[in-house]
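This report describes side-chain interactions in the structure shown below.

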Amino acid sequence: MMRVYLLNAVSNTIRRQCYSTKNVKKVTHCIFDMDGLLLDTEQVYKKMITQICAKYGHNYTEELMMKVLGGTEQRLSEILCKDLNLPITPKEFRDQLLEMGDTMLAGSPLLDGAERLIRHLHQTKVPFALATSSSARSVETKVAKYKELFSYFHHMVMGSTDKEVKFGKPHPDIFLVAAARFPDKPKPEKCLVFEDSPHGVTAGVSAGMQVVMVPDPHLDKRLTTHATIVLPTLAKFQPEIFGLPAFQ
C-alpha cells in the first residue's frame, strides 16, 4: 500500500509541474499582471476589504471575492457598495481602500519564480510590460521595495487610473493598450499574458493573446480551463515552449 501511495504522490507531483504544449504558438512579447502573480498581495487585499465591509456590518464572502477578483479599484468599489447596500459611495469605499493600502501593501513579498523570470527576460532582451488593474498610487507603494526589478518593464499600464483603459478585466482593453505601447506594436497573437485570476485570463483570451495562468491553489479548477497553460508557480514556466530564450 505504501508503494502505491508513493507512486500516486509522485505521479500527481509530475502532473502539477507539467503542462500540454498542444496549440501553443511562438510569441515575441510578454505582458504581466501583478497582484497574486508577481507580488503576494491577494491576502492583504482580502484583509483590507474585509475590514471595510465589517465596519458597516457586512461579511466579505468568497462569492463576492470571486466577483471582484482582477477588476479595477473603481469596479470593485461599485460592486461591493451595490451588492452590500453600503451607506457610503464607491468613491468613499475606494478612498478607504487606498489609504489602508498605503501602509498594508508596502513591502509585499515577491512570489515564487517572479524575480528569476523578470531578470531572464530582461537579460535576453525580450520586451515585457505590466498590465495591472491597480492604480498608480497603489503600484507605487507595492513596487517601492523592488525599484530596480520593476524598472526592467518597458512600460506599465495601471487600469484604475489609465484613461485609455475604458473597461477593466474581464474586458480586453488593458492588454490591448499594453501591446500598443511597445515601440514595434506587436499583434495580439505575438503577446503572452501571465495572469492569476479567471477574469484576467478572460481578458487576455478576449484580446487574442495566449495566457499562462498561475491560479490560487484553492481556486475551482473549472475556472482555469480557458487558459493556454496552467502552472502551480512561475518557477515552473519554460520560456522555450513559446519560442522564447530558455533559462540557462
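Arg181 is partly exposed, with a relative accessible area of 27%; buried means under 20% relative accessible area, exposed over 50%, and partly exposed in between (1.4 Å probe, protein chains only). The side chain of Arg181 meets that of Glu164 in a salt bridge of 3.1 Å, N to O. Glu164 lies in the loop between strand S3 (156–158) and helix H9 (173–180), and Arg181 in the loop between H9 and strand S4 (191–195), so the pair ties together parts that are 17 residues apart in sequence. Helices (H or I, at least four residues) and strands (E, at least two) are DSSP runs, numbered from the N terminus.

The model is predicted: local features need pLDDT of at least 70, and side-chain atom pairs count only at pLDDT 80 or more, whereas totals for chains, interfaces and linings use all residues. Residues are numbered from 1 along each chain as its sequence is written, and side-chain values use heavy atoms, with hydrogens and water left out.

The structure holds 14 salt bridges, each being a side-chain nitrogen of Lys or Arg within 4 Å of a carboxyl oxygen of Asp or Glu. Those discussed here include the following.

| Salt bridge | N to O distance |
|---|---|
| Asp95 and Lys91 | 2.9 Å |
| Arg119 and Glu115 | 2.9 Å |
| Glu164 and Arg181 | 3.1 Å |

Asp95 and Lys91 both belong to helix H5 and are 4 residues apart, about one turn of the helix. Asp95 is partly exposed at 35%, while Lys91 is exposed at 58% relative accessibility. Arg119 and Glu115 are likewise separated by about one helical turn, being 4 residues apart in helix H6 (residues 114–123).

Helix H5 (residues 90–104) also contains Gln96, which is buried with a relative accessible area of 18%. The side chains of Gln96 and Tyr56 are joined by a polar contact of 3.0 Å.

Turning to the aromatic residues, Phe32 and Phe128 have ring centres 6.2 Å apart and planes at 80°, so this pair is edge-to-face. Rings of Phe, Tyr and Trp (its six-membered ring) pair if their centres lie within 6.5 Å; planes under 30 degrees apart count as stacked, over 60 as edge-to-face and the rest as tilted. Both Phe32 and Phe128 are buried. The rings of Phe150 and Phe153 are stacked, with centres 5.4 Å apart and planes at 10°.

Note on methods:
A polar contact is a pair of N or O atoms within 3.5 Å; within protein, one must be able to donate a hydrogen and the other to accept it, and residues adjacent in sequence count only if both atoms are side-chain atoms.
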